[in-house]
Amino acid sequence: MSILAFYLSYFILISNYSLSQSSICLPKNHTALFIFGDSLFDVGNNNYINSSTFLQANFPPYGETFFNYPTGRFSDGRVIPDFIAEYATLPLIQAYLSPAGFQDHYIYGVNFASAGAGALVETNQGLVH
């Protein structure tokens with residue numbers, strides 16, 4: 001049962017993305033990553049919400065070995081979606097709540113993952129203010 005819950009809780013949706021009404025020229029079979037999950041997939045969404053610092057990773061030692069500064073990833077380097085994006089020859093997929101945002105309608109995808117996320121109402125109650 002826990003294996004099933006793992007696969008249902010953490011998934012990455014890879015989709016074909018069509019930009020027929022955009023001024024951006026992309027290949028006909030363009031791929032984008034849309035990522036959902038918790039801290040194993042979070043690339044910094046929790047840095048931009050009002051939560052306890054327990055659910056944030058915007059301080060050392062996070063990010064030390066790859067980025068050389070804290071990025072919001074719960075790792076000292078990259079997280080799983082970063083490796084998948086590299087394998088798919090895509091840039092690093094940015095956090096949905098990142099102030100930089102995506103000016104180009106999420107052409108490469110977006111990361112919705114948030115540390116502490118859960119499928120049940122009881123999950124981490126009171127940690128987001």
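Visitor: Where does Asn46 sit?
Guide: Asn46 is placed in the loop between β2 and α2, where helices (H or I, at least four residues) and strands (E, at least two) are DSSP runs numbered from the N terminus. This is a predicted model, in which local features need pLDDT of at least 70 and side-chain atom pairs count only at pLDDT 80 or more, while totals for chains, interfaces and linings use all residues. Residues are numbered from 1 along each chain as its sequence is written, and side-chain values use heavy atoms, with hydrogens and water left out.

Visitor: Is Asn46 buried or exposed?
Guide: Asn46 counts as buried because its relative accessibility is 2%; buried means under 20% relative accessible area, exposed over 50%, and partly exposed in between, with a 1.4 Å probe and protein chains only.

Visitor: And which residues is Asn46 in contact with?
Guide: Leaving aside neighbours within four places in sequence, Asn46 is in contact with Ser51, Leu55, Gln56, Ser114 and Ala115, contact meaning heavy atoms within 4.5 Å.

Visitor: Switching to rings, how many aromatic pairs does the structure hold?
Guide: The structure holds 6 aromatic pairs, where rings of Phe, Tyr and Trp (its six-membered ring) pair if their centres lie within 6.5 Å, and planes under 30 degrees apart count as stacked, over 60 as edge-to-face and the rest as tilted. One of them joins Phe59 and Tyr62, whose ring centres are 5.5 Å apart with the planes at 70°, so this pair is edge-to-face.

Visitor: What about Phe66 and Phe67?
Guide: Phe66 and Phe67 also form an edge-to-face pair, at 4.8 Å centre to centre and 85° between the planes. Phe66 is partly exposed, with a relative accessible area of 41%, whereas Phe67 is buried at 14%.

Visitor: Which residue lies over the face of Phe66?
Guide: Arg78 lies there, at 4.4 Å from the ring centre of Phe66; a charge sits over a ring if NZ of Lys or CZ of Arg is within 6 Å of the ring centre and within 35 degrees of the ring normal.

Visitor: Which rings are linked into a cluster?
Guide: Ring pairs link Phe36, Tyr96 and Phe112 into a cluster. Phe36 belongs to strand β2, residues 31-36, and is partly exposed, with a relative accessible area of 31%.

Visitor: Last one, where is Pro91?
Guide: Pro91 lies in the loop between α2 (80-87) and β3 (109-111). Not counting residues up to four places away in sequence, Pro91 touches Ala85 and Tyr108, and the C-alpha atoms of Pro91 and Tyr108 are separated by 7.5 Å although they are 17 residues apart along the chain.
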